[in-house]
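Hello,

Here is the structure you were waiting for. Please open it next to this message.

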Amino acid sequence: MAPTDTSPPNPDDAPQSARDQNSDRVLAVINYALLLVGISNGVTVLIAAILAYVRKDNADPLVKNHFQFQIRTFWYWLAMVIVGALTWIFLIGMVILLLATVWLGIRGVVGLIRIVDGRPHPDPTGFWI
């Protein structure tokens, strides 16, 4: 007869608890809020990207998909801001910066709706929504 193991399970042995998955999902929602606040200040977009980079490897597939979307949103937005700033003198820069702001807002809202609904992005690395 084999002895029974009565020791409590080791939490490190579990792949990821429901609590961790839920906290990652909440962090993804917070990141989308940071993206939307970043429309007015820009700094919180960077904070959202850093948080997404830190948590993306340990997140479940749904949330990892959203973190990847947030990271790409940051890099595309930063590229548009740089191009807009460099071309500011030619007036096209103002248009580019306006489009970057609207684009960031749309991606933030669409991502927030999808994470709340529990849906992944069809193409988290793409430029379009």
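The model is predicted, so local features need pLDDT of at least 70 and side-chain atom pairs count only at pLDDT 80 or more, while totals for chains, interfaces and linings use all residues. Residues are numbered from 1 along each chain as its sequence is written, and side-chain values use heavy atoms, with hydrogens and water left out.

The largest nonpolar core has 21 residues. Such a core is a set of buried Ala, Val, Leu, Ile, Met, Phe, Trp, Tyr and Cys residues joined through side-chain atoms within 4.5 Å; buried means under 20% relative accessible area, exposed over 50% (1.4 Å probe, protein chains only). Helices H1 (18–41), H2 (43–55), H3 (61–86) and H4 (92–117) each supply at least two residues of this core, and H3 gives the most, with 7. Helices here are DSSP runs (H or I, at least four residues), numbered from the N terminus. Leu35, Val45, Phe67 and Trp77 have the most contacts inside the core.

Contact means heavy atoms within 4.5 Å. Leaving aside residues up to four places away in sequence, Val45 touches Leu34, Leu35, Gly38, Phe74, Trp77 and Leu104. Thr73 is buried, with a relative accessible area of 0%.

In H2, the buried residues are Thr44, Val45, Ala48, Ala49 and Ala52. They fall within an arc of 145 degrees seen down the helix axis (taken from the directions from the axis to the C-beta atoms), so they line one face of H2. Val43 and Val54, on the other side, are exposed.

Regards
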